[in-house]
Amino acid sequence: MLGTAYVAAAIAIATASVVILLASRSVVLTIFSSFTIAYVLASVTAMLVSFGWTLGFLEAICFAILIGLSCDFVIHFSHSYVNAEGAVDRCERTKHALIQMGPSILAAGATSIAASIVMLFTIITFFVKFGAILLCTILQATLGSFVVFLVLTDCLGPADPTYLFDMIQKRCCGGSENVQGDDVVQ
């Protein structure tokens, strides 16, 4: 069970990284996002171990869901960081992401926390465990996205996050267009 949980976590983080890379078109933001997702996964695992939980079938199912929930906030911040208008530095991009997505992410976190608190008072074991994991995940995902991810982008983030992808696209697509354009001119 433990080996399968590790493999599932690795697959989920790798898949999330690919999706983030395709969505943000930034290698640096993908690394920051993957680091933040790994932080959320590790911190929630540590919280559950401190509660005295062991890995069973229900916990494994909840962990599969946890990884999907942990990347949601980071993806939104990453997308907003990339979409800042004009040539702005990383501090302005981080500020733009925080202002544009911060309130929505806080609202989503608040509603998810409310739902998880309701689940804690049910009598079905799966819902109680899922509620506890959801509560821990949303708390850590909010903390991770607002503190870990945004601090990384503010201190080390790229000023032109899509430069590498734009350059590759220009060389791949632009190179063939120039050849066709030269052929037409001749």
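Reader: Which residues in helix 2 are called buried, and what makes a residue buried?

Author: A word on the basis comes before the answer: this is a predicted model, in which local features need pLDDT of at least 70 and side-chain atom pairs count only at pLDDT 80 or more, while totals for chains, interfaces and linings use all residues. Residues are numbered from 1 along each chain as its sequence is written, and side-chain values use heavy atoms, with hydrogens and water left out. A residue is buried when its relative accessible area is under 20%, exposed when that area is over 50%, and partly exposed in between, with a 1.4 Å probe and protein chains only. In helix 2 the buried residues are L29, T30, F32, S33, S34, T36, I37, V40, L41, S43, V44 and L48. Their cover includes helix 1, helix 3 (57–70), helix 4 and helix 6.

Reader: What is the place of V28, and why is V28 called partly exposed?

Author: V28 lies in helix 2 (residues 27–50), where a helix is a DSSP run of H or I with at least four residues, numbered from the N terminus. The relative accessible area of V28 is 32%, and therefore V28 is partly exposed. Leaving aside neighbours within four places in sequence, V28 is in contact with L156 and P158, contact being heavy atoms within 4.5 Å.

Reader: How do you know that the span of helix 2 is close to the expected one?

Author: The expected span is 1.5 Å times one less than the number of residues. Helix 2 has 24 residues and reaches 34 Å from its first C-alpha to its last, close to the 34 Å expected. At the start of helix 2, a side-chain oxygen of S26 comes to within 3.2 Å of the backbone nitrogen of L29, and just after helix 2, G52 has a positive phi of about 90°.

Reader: What makes the R25 and D166 pair a salt bridge?

Author: The term asks for a side-chain nitrogen of Lys or Arg within 4 Å of a carboxyl oxygen of Asp or Glu. The side chains of R25 and D166 meet at 3.9 Å, N to O, and this is a salt bridge; by this rule the count comes to one. The pair links distant parts of the chain, since R25 is in the loop between helix 1 (2–24) and helix 2 while D166 is in helix 7 (residues 163–185), 141 residues apart. R25 has 34% relative accessibility and therefore counts as partly exposed, and D166, at 31%, counts as partly exposed too.

Reader: What is noted about the phi of R25?

Author: Most residues other than glycine have a negative phi. R25 has a positive phi of about 55° although it is not a glycine.

Reader: How many aromatic pairs does the structure hold, and why is the pair of F77 and F146 called edge-to-face?

Author: The structure holds three aromatic pairs. Rings of Phe, Tyr and Trp (its six-membered ring) pair if their centres lie within 6.5 Å, and planes under 30 degrees apart count as stacked, over 60 as edge-to-face and the rest as tilted. F77 and F146 lie 5.1 Å centre to centre with 85° between the planes, and are therefore an edge-to-face pair. This pair links distant parts of the chain, with F77 in helix 4 (residues 72–82) and F146 in helix 6 (residues 125–156), 69 residues apart. F77 is buried at 0% relative accessibility, whereas F146 is partly exposed at 21%.

Reader: What makes the pair of F126 and F130 stacked?

Author: The rings of F126 and F130 are 6.0 Å apart, centre to centre, with 10° between the planes, so the pair is stacked. Because F126 and F130 are four residues apart in helix 6, about one helical turn separates them. F126 is partly exposed at 25% relative accessibility, and F130 is buried at 15%. F126, F127 and F130 form one aromatic cluster.

Reader: How do you know that the charged end of K129 sits over the ring of W53?

Author: The rule requires NZ of Lys or CZ of Arg within 6 Å of the ring centre and within 35 degrees of the ring normal. The charged end of K129 is 5.3 Å from the centre of the W53 ring and sits over that ring.

Conventions:
Helix = DSSP H or I, 4+ residues; strand = E, 2+ residues; numbered from the N terminus. Polar contact = N/O pair within 3.5 Å; in protein donor to acceptor, adjacent residues only side chain to side chain.
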